[in-house]
Amino acid sequence: MARDYYGILGVGREASDDEIKRAYRKLARQFHPDVNPDPEAQEKFKEINAAYEVLSDDRKRQIVDLGGDPLAPGGGGAGPGGPGGAGPFVGFQDIMDAFFGGAAGGARGPRPRTRPGADAILRLELDLHETAFGVEAPITVDTAVLCTTCSGAGTAAGTHLATCEACGGRGEVQSVQRTFLGQVVSARPCTVCQGYGTTIPHPCPTCAGDGRVRTRRSLTVKIPAGVEDGMRIRLAQQGEVGPGGGTAGDLYVEIHERPHDVYSRKGDDLHCRVTVPMTAAALGTRLTIKTLDSEETVDVKAGTQPGSTLRLRARGVPHLRGTGRGDLYVHLDVRTPTKLDADQEKMLRDFAKTRGEEVAELSKQGGFFSRMRDAFNGHP
């Protein structure tokens, strides 16, 4: 006697494919062995699988409607577990559909219209003083924002999304190919609804159904003291609004520090170069250095050599994290006069003579370079 496959699923003979599928999913959730360990439930689960395998196949369903049993021996199909039969894994994909909402493997079912937005990045140029001590900088952002006409729905006022007639709301269409291994079912996104499962009969006139529009808006970003060139400041959910009014991405403000005409920066330390006359380096002097936020007077000791460096503690850039500041390094360039009048030259020669540094002495013992070589070799 043929089994009542319609009765097993609890549907009538005129049930549509969707009704059969919904009934199967409901029963599969109830009697799956992972949910219901009762031995009777396991047998019931096998019957449900067999019934769905038969009624979801047009050829096998036709045999049932004619009074036959496609799974019975000689009934138009192999028995359970035999070649072409149901077996314990019949309808595995549909079992996964039943428990995971048709999204097993990430390829089944319609894809959502609402998706997260992308991040955005903006370049912001600042002066050294602004990066050192912080600033509230106005910025202009050109991004996608939520459409206020449809609030992200994408539909015109008073209208709604419609189920795609081509795929029946599944977001995909299936095709069956016969091979020497049997029937191979493949699925691809529906070209009518682009895989969404729904269409927009009457799109929003403002956003054309996208749920978002592009606009230019003004923001104020707070730059903390001590930021460096190339750093990025994150403004949460100030980036691109996603399709369908999805959550906005983040906005990253990338800092670009303009070159300073006096100072160069290395981390939180500042460096500058100051030229002092030869006489000032020899006799000593006092320099007034204008820092980023004050003026400092420093002493140049007598006998200072070219390339010497003065260090002003805590006069650099404030630390971004923590307290305190970097240092300011003043590099001294000693300037030698290039033009002397007769009196100046005579005085300089007399000074050199008193120190035993006559110019004529440099030519003795083979010349200047020979004396340098002897000095490096340890000869007097």
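Here's a quick briefing on the structure above, from the overall fold down to individual residues. It's a predicted model, where local features need pLDDT of at least 70, side-chain atom pairs count only at pLDDT 80 or more, and totals for chains, interfaces and linings use all residues. Residues are numbered from 1 along each chain as its sequence is written, and side-chain values use heavy atoms, with hydrogens and water left out.

**Overall picture**

- The protein chain has nine helices and 15 strands; these are DSSP runs numbered from the N terminus, with helices being H or I of at least four residues and strands E of at least two.
- Out of 380 residues, 35% count as buried, where buried means under 20% relative accessible area, exposed over 50% and partly exposed in between (1.4 Å probe, protein chains only).
- Residues 24 or more positions apart make up 62% of the chain's contacts with a separation of 6 or more; a contact means heavy atoms within 4.5 Å.

- UniProt, in an unreviewed entry, puts a "binding site" at Cys164, Cys167, Cys190 and Cys193; its positions are given in the numbering used here, feature names are shortened, and annotations may be inferred rather than shown by experiment.
- These residues are spread over 30 residues of sequence, yet they cluster in space, with a largest C-alpha distance of 9.0 Å.
- Cys164 sits in the loop between strand 3 (162-163) and strand 4 (172-179), and it's buried at 1% relative accessible area.
- Cys190 is in the loop between strand 5 (182-189) and strand 6 (198-199), and is buried too, at 3%.
- Leaving aside neighbours within four places in sequence, the contacts of Cys164 include Cys190 and Cys193, while those of Cys190 include Cys164 and Cys167.

**Nonpolar cores**

- The largest nonpolar core has 22 residues, and Tyr5, Leu9, Val11, Ile20, Ile48 and Leu55 touch the most other members; a core is a set of buried Ala, Val, Leu, Ile, Met, Phe, Trp, Tyr and Cys residues joined through side-chain atoms within 4.5 Å.
- Helix 1 (5-9), helix 2 (17-31) and helix 3 (39-55) each supply at least two residues of this core, and helix 3 gives the most, with eight.
- Not counting residues up to four places away in sequence, Leu9 touches Ile20, Ala23, Tyr24, Leu27, Ile48, Ala51, Tyr52 and Leu55.
- Apart from that core lies another of 19 residues, among them Ala132, Ile289, Val298 and Val330.

**Salt bridges**

- The whole structure holds 20 salt bridges, each a side-chain nitrogen of Lys or Arg within 4 Å of a carboxyl oxygen of Asp or Glu.
- Glu240 and Arg214 pair up at 3.1 Å, N to O; Glu240 is in the loop between strand 8 (232-235) and strand 9 (251-257) and Arg214 in strand 7 (residues 212-223), so the pair ties together parts 26 residues apart in sequence.
- In that pair, Glu240 is buried at 15% relative accessibility, whereas Arg214 is exposed at 53%.
- Glu296 and Arg315 meet at 2.8 Å, N to O, linking strand 13 to the loop between strand 14 (309-312) and strand 15, 19 residues apart.
- Thr291 is in contact with both Glu296 and Arg315, and Thr291 itself is buried at 6% relative accessible area.
- Arg123, Glu125, Asp127 and Arg258 are linked in a network of salt bridges.
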